[in-house]
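This report walks through one structure for a reader who has not seen it before. The sequence and the model come first, and the description follows.

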Amino acid sequence: MVASRGNNTNPARIPALGLRVIALILLSIIVMYFDHRENHLDVIRRTVGAAVYPIQLAVDAPVRLWGWLGQSTTSRNDLELELGRLKAERLLTNARLQRLTALEAENARLRSLLEARDRVRDEVRVAEILAVDANPYEHNLIIGIGSRDGVYNGQAIVDADGVVGQVIETGVMTAQAVLISDADHALPVEVNRNGLRTIAVGTGEIDRLDLPFLPNNADIRAGDLLVTSGLGGAFPAGYPVAVVNAVTRIPHEPFADVTATPAAALDQVREVMLIWSQPQETAEDDE
Amino acid sequence: MSPERSSRRLPVIITFVVGLMLAIMPLPDYLQAFLPDWLALLVIFWAMQLPRTWSVGSAWIIGIVLDVSYGTLLGQHALALCLIAFVTVRFHLLMRVFPLSQLSFTVFALLALYQFVLFWINGVAGISAPSVTYWGPVIVGTLVWPFAYMFLSGVRYRSRSRA
């Protein structure tokens, strides 16, 4: 301030610039603190998000238009409708089918126990991906349904081949999701072959997950299918997550170096499915 | 606000909306590491040309919008944009008379500052992100700057002559 007093005669001086910038920086820090520590600022995100929504739609429009043009030039109108319907149907059927391998393994385990309970069937709904995060190190998606359709934070998202990610922010008409490959994402999984439980951690690379907490003598090998264990509470159990592609056992190190390839095509999907899973506890309470 | 002034703001707002659209455009991963920070370039240009209207406050609001659309920490881009707007406004007279080479270097430094602030906030907040290709947007942004400058100057003088 003292230094700028000398500039008072300067016609180009912007009044109180230093004060304003300091106030705004403090405001930023306060906002960041509250956003990071607690989620009190969801209201702001939702309001600004609703204002930005038309822009997101406009950005997505050329992609949609391109897809639409491609369809309408190659096939007639009714064929196109039929195709869309069949694709959606196949997606839903695949999602049910993909649990089959997990169900078989589970069935074998449960056969000896007579009181095997019926599995709760999950509700699913197809959602379109509106945008992906422009930051290459944060694997986030924005999907086209939001709290209006009953989407909630922490909800699991799958595609036809496996788990894609989970919802982290819910807007009115859109929701933001983090992919399982995000470096900040961890997911409780089990080896489908023997039920070995561990955690699959994202690496920031779209085609690689790490399993950092497996001891050297763990029974795991390349080609093992990892499925969700359902223990974290966010994901329903039994959805394929990844296939182990390399196990390196390093002597003298406490943990083996295990990497896996996600089963879902994380960077290729246009539609995903959101799962409304009914928690096991409420099913038991009803009985 | 007189109607004459608000009509002069409209072209600027349109450039910001287009910049936001470019910024949130869905593109393959390998391209995204090399996209310039369009909104940072816009903030630098308008803070340099019209520092009384487009200064730290508007940069902050644009940053908040960017934070919401990127899903980053609320206030992260706001703080970074606010800082580069401050530096630009502080030195806008100097920057206006810089030759292109010197101006490009200044823009390079500002974009680097922008990326550094974003990176630094990620670090403090414990959000993990590798750092290597953080340079991609800075370098591409500097290379794009002369073209953006010419285009935006066109926008500026055309809108002024019409008003």
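Is Val117(B) buried, partly exposed or exposed? Val117(B) is partly exposed, because 19 other C-beta atoms lie within 10 Å. By definition, a residue is buried with 20 or more other C-beta atoms within 10 Å of its own, exposed with 12 or fewer, and partly exposed in between, the C-beta atoms being placed from the backbone.

This is a predicted model, in which local features need pLDDT of at least 70 and side-chain atom pairs count only at pLDDT 80 or more, while totals for chains, interfaces and linings use all residues. Residues are numbered from 1 along each chain as its sequence is written, and chains are lettered from A and ligands numbered from 1 in the order in which they are written.

Val117(B) sits in helix 7 (residues 100-125) of chain B. Helices (H or I, at least four residues) and strands (E, at least two) are DSSP runs numbered from the N terminus. Beyond residues up to four places away in sequence, Val117(B) touches Leu79(B), Ala80(B) and Leu83(B); contact means C-beta atoms, placed from the backbone, within 7 Å. Leu81(B) is 36 residues from Val117(B) along the chain, and their C-alpha atoms are 9.3 Å apart.

The two chains can be set out together.

| Chain | Secondary structure | Buried residues |
|---|---|---|
| Chain A | six helices, 12 strands | 32% of 287 residues |
| Chain B | eight helices, zero strands | 43% of 163 residues |

In chain B, 68% of the contacts with a separation of 6 or more are between residues 24 or more positions apart. For chain A, 59% of contacts between residues at least 6 apart in sequence join residues at least 24 apart.

The expected span of a helix is 1.5 Å times one less than its number of residues. For helix 5 of chain B this gives 21 Å, and its end C-alpha atoms are 21 Å apart, which agrees.

The contact between the chains takes 39 residues from chain A and 40 residues from chain B. On the chain A side, helix 2 (17-37), helix 3 (42-74) and strand 1 (123-132) each supply at least two residues. That side divides into 23 nonpolar, eight polar and eight charged residues. Here Ala, Val, Leu, Ile, Met, Phe, Trp, Tyr, Cys and Pro count as nonpolar, Asp, Glu, Lys and Arg as charged, and the others, Gly among them, as polar.

Confidence comes last. The model scores ipTM 0.79 and pTM 0.53. Chain B has a mean pLDDT of 82, with 88% of its residues at 70 or more; pLDDT is the predictor's confidence in each residue, from 0 to 100. Among the elements of chain B, helix 5 (residues 76-90) has the highest mean pLDDT (91) and helix 2 (residues 29-32) the lowest (70). Where pLDDT is low, the predicted coordinates should not be read in detail.

Terms used
Two residues are in contact if their C-beta atoms, placed from the backbone, lie within 7 Å.
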